[in-house]
Amino acid sequence: MTTTLNHPAAAAGKSRTPIIERLNIVTAFALGAISAFVVWRLALQFLPADTEVRLFTREDKITLLSMIAWFVGFMTGIGALIAPFRWVMGKDLSHDENMFLAGKDMGIKRYFRYTTDHKVVGIQYLIITMVIFGIGGILAMLIRANLGTPEGGLIHPQAYNSIVGTHGIIMIVGTIIMVTGPIGNFIMPIMIGARDMAFPRLNALSFWLIVAAAIPLIWAQFIGGISTGWSAYNPLAGQAPLGMNGYIMFICIFALSTMVAGANITTTVVRMRAKGMTWNRTPIFIYGVVASVALALPAFPVFFLSQVMSGMDRALDTSFYNTAGGGSGWLYENLFWIMGHPEVYVILIPAVAALMEMAPVFTRRPLFSFNVAVMGIAGISGLSILVWAHHMYISGWAPLLNAPFMLTTELISIPTGMLFLVLVGTLWRGRLWMTMPTLSIFALLWNFMIGGITGIYLSDVPADAFLHGSMYVTAHFHYTLMGAGLTGALASLVYWFPKMTGRMFDKKLSWISFWMVQVGFNVTFGGMFIVGLQGQPRRVEAYAALFNRGNLITSIGAAVIMSGMLVLLYGVISSWRHGVVAPMNPWHAKTLEWTVANPIPLENFAVLPVVTSDPYGYGKEKK
Amino acid sequence: MTDLMPPTKNKWWKHPDVKKTFIFWLIFTPAIGIFGTQFHVLSMPDPASEVMGGVIGLMRLFTWAASPVAALVFAICATAITSPRHYGDNPPADADHQISNSPRANALWIVISAVMCLFALVVGLIVLQKDGDALHEAGAINVNVTGQQWAWNYDYANGARSEVLYLPVDVPVIFHITSKDVKHSFWVVEMGIKMDANPGYTTEAAVTPNKIGVFNVRCAELCGLLHAYMQNKVHVVSKADYEKWLADRSALEARS
């Protein structure tokens with residue numbers, strides 16, 4: 001790929017293309033692969049043979065070192081180090097170089113570079129989210145295929161366990177970034193009336209870290225896979241094959257990305273809102289995004305740490321999690337769920353907040369009880385860091401703590417109820433404008449109600465003693481993360497599609513895919529509730545004949561979901577290429593992102609806007 | 001943002017939407033309650049212990065408690081979706097009703113959800129306390145449960161050892177559970193008890209089987225390659241049969 005560009009600095013008599021213009025995704029992959037290979041070869045040559053009883057120690061060291069080398073090589077090759085290096089040398093980037101980094105006049109190429117424009121980063125996030133859901137969906141179909149008959153056996157158990165684990169972790173990552181990535185980066189700065197994010201280079205960094213993280217995960221599939229489920233409990237992870245190192249590296253790099261994005265988005269919202277946009281006039285979606293990324297800030301460093309310790313146990317023979325060496329598997333469980341429970345709200349809150357943002361638009365009336373909505377989001381965020389051990393009721397770690405954790409968990413139903421109140425209050429006596437996002441509000445209330453009530457059963461310690469570790473749990477969290485979370489994300493895609501691509505999303509396709517996905521979803525996980533109640537454990541590759549009927553229902557439903565998602569994919573591609581050209585404000589909404597022209601100019605606003613009211617004043621002028 | 005209840009003297013409950021919602025609510029509440037409880041009862045295995053009976057009772061109770069709330073949300077949804085709808089590419093006129101807040105509705109909603117929450121907590125605590133007391137039952141038999149990839153082993157007080165669990169009916173039993181390798185989870189499905197088997201630690205669970213029959217033990221924590229097959233049966237037999245089995249078993253153990 002040639003990278004010469006006609007921008008002023010290059011034209012002004014420099015004979016050689018500056019290095020900043022040579023770097024792109026190709027150099028990144030090349031440098032990453034080369035450094036991984038070199039380090040792998042050196043490690044193979046010079047690392048001493050194992051003297052200890054641990055079997056994989058040397059191989060673990062080699063694998064981890066190669067993966068770290070890949071990471072460093074990739075980030076260097078994409079250009080993440082140029083600006084810090086220049087800064088250390090005492091020469092900051094020039095204006096032209098900054099404009100180049102922002103992707104000025106660069107066309108399609110800017111999507112393959114370390115581009116700092118938040119709109120480019122938003123589109124990059126959108127594409128990678130779709131790729132993740134595509135792969136995760138295919139893995140889900142493989143799981144359902146294997147569970148088509150009670151005997152299983154279509155896929156080798158080791159590969160099956162790895163598919164389950166990979167499906168789990170990449171869907172978790174996909175759902176974490178599905179709203180705050182594409183919408184949070186593309187729309188959020190415009191919505192608050194800013195020209196870009198607070199730290200544009202960190203924004204590019206957070207995206208390219210995810211690309212860098214993806215490779216160790218793919219790599220892992222070829223060296224034994226992730227046969228531990230997404231939670232990768234120790235000591236099982238300690239005896240898992242080399243693929244576990246890929247999981248460890250993936251999590252560490254992804255956690256870095258989340259922390260960087262969290263700091264960036266939080267700072268942007270706190271510091272860069274338009275003049276007059278007081279907290280009372282800030283759209284509720286912004287609260288959702290900030291709550292989500294701010295929750296990730298305490299949660300993901302813990303995840304990072306838990307995996308560093310897991311890697312050290314494997315490669316350096318430490319024993320953080322090894323009982324025989326003085327450690328404990330319970331330590332891992334605690335660290336994992338201290339991340340894991342805030343993390344589900346990291347996924348859920350922005351999706352619900354996005355639908356709260358759309359509700360006034362499609363009912364043509366003000367948002368009901370804005371203050372209660374803010375209180376609900378804040379309450380969930382606060383409580384969610386105090387509930388982690390409800391995943392450990394039956395671990396035997398601390399039976400006396402079960403009652404307090406049951407208390408905090410059930411308390412979360414109060415702020416969650418507030419979100420329901422805001423949505424039904426907004427539907428109340430509104431004038432419904434039927435679109436796919438409108439339908440999604442109803443779908444969210446339906447799915448989230450089922451997910452929420454089943455959550456109450458699970459939060460109850462005696463009931464959990466029966467339900468824990470069964471398919472019931474799997475169905476429950478799919479109802480919350482997919483039934484509520486993904487529903488909100490798909491509605492966001494359709495709602496903001498005109499602003500992100502300049503074209504309307506095909507209405508008919510959005511409706512068809514909506515009904516297929518929602519009906520298929522309820523069939524799939526309705527069936528899964530049944531087998532869970534009957535007593536089928538999670539993550540099994542074969543099951544008793546008793547569970548046959550429920551599994552059959554689930555497999556049929558899964559096929560319907562996949563078909564619906566393919567319709568949606570076709571809708572995205574066809575609408576993006578030749579959909580109806582969108583007007584500036586197709587939904588006649590009142591938030592700031594609809595006041596900028598299509599296509600959006602590089603720094604969004606020529607003159608920064610001044611906000612004088614909240615964005616929900618529908619019907620006010622008539623009075 | 002103030003209370004924007006209509007300033008007229010019209011009673012709010014006379015509005016047609018309120019009546020419609022109320023009728024929907026009257027229909028939905030029993031529908032959800034009956035469907036939810038039937039769904040659970042028909043799907044869950046017949047209880048083989050009081051603990052399991054308690055779990056099923058809890059889930060029925062919670063379902064009935066939740067059904068009016070769920071029914072209210074769904075009734076408002078149904079009212080909204082059955083009101084005049086607007087299709088088309090341009091928005092309808094703004095709604096004529098502009099409630100942007102209602103302190104009374106907010107307060108009522110929060111108080112009710114807090115009461116429901118308290119109710120769930122208290123019920124849960126009562127059952128939890130009862131289950132916890134079973135760990136101190138006098139006259140209970142003790143069984144050591146050891147999980148390993150991918151089988152369960154049971155050791156009895158008199159030295160008997162078995163790969164299949166035998167228990168006497170109506171006698172309290174306390175399991176002392178541990179693991180030899182990775183984490184497993186000991187789940188006696190029809191008795192409604194589950195406890196993780198952790199390497200290096202012993203955890204405890206107690207139950208009193210109250211039905212003669214053959215029931216299932218399954219591992220409920222992913223433990224590697226053959227996790228799906230890490231299951232066997234528990235035979236609950238009469239006290240006399242149990243004593244006989246135990247004597248045979250320990251004699252067998254002594255010989256080998």
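1. Across the interface of chain A and chain B, the rule finds 2 salt bridges, a salt bridge being a side-chain nitrogen of Lys or Arg within 4 Å of a carboxyl oxygen of Asp or Glu. B:Asp94 forms a salt bridge with A:Arg364, and the closest N and O atoms of that pair are 3.5 Å apart.

2. This is a predicted model, in which local features need pLDDT of at least 70 and side-chain atom pairs count only at pLDDT 80 or more, while totals for chains, interfaces and linings use all residues. Residues are numbered from 1 along each chain as its sequence is written, chains are lettered from A and ligands numbered from 1 in the order in which they are written, and side-chain values use heavy atoms, with hydrogens and water left out.

3. Between chain A and chain B, 26 residue pairs are in polar contact, both residues being at pLDDT 80 or more. A polar contact is a pair of N or O atoms within 3.5 Å; within protein, one must be able to donate a hydrogen and the other to accept it, and residues adjacent in sequence count only if both atoms are side-chain atoms.

4. The side of chain A that touches chain B draws its largest share, 8 residues, from helix H18 (residues 413-427) of chain A. Helices here are DSSP runs (H or I, at least four residues), numbered from the N terminus. By residue class, this side of chain A divides into 50 nonpolar, 27 polar and 17 charged. Ala, Val, Leu, Ile, Met, Phe, Trp, Tyr, Cys and Pro count as nonpolar, Asp, Glu, Lys and Arg as charged, and the others, Gly among them, as polar.

5. In the interface of the two chains, 94 residues of chain A are in contact with 86 residues of chain B, where contact means heavy atoms within 4.5 Å. The two chains bury about 7,700 Å² between them, with 68% of it on carbon and sulfur atoms. Buried area is the accessible area (1.4 Å probe) that two parts lose on being put together, summed over both. A:Trp428, A:Arg429 and A:Phe466 supply 10% of the area that chain A buries against chain B, more than any other three residues.

6. Chain B is divided into domain 1 (12-85 + 107-128) and domain 2 (138-254), with bounds from an automatic or database domain assignment. The C-alpha centres of these domains of chain B lie 37 Å apart. Their contact takes 8 residues from domain 1 and 11 residues from domain 2.

7. Domain 1 and domain 2 of chain B bury about 700 Å² between them, of which carbon and sulfur atoms give 58%. B:Ala48, B:Ser49 and B:Val51 supply 57% of the area that domain 1 buries against domain 2, more than any other three residues. Across this domain interface the rule finds 0 salt bridges.

Note on methods
Helix = DSSP H or I, 4+ residues; strand = E, 2+ residues; numbered from the N terminus.
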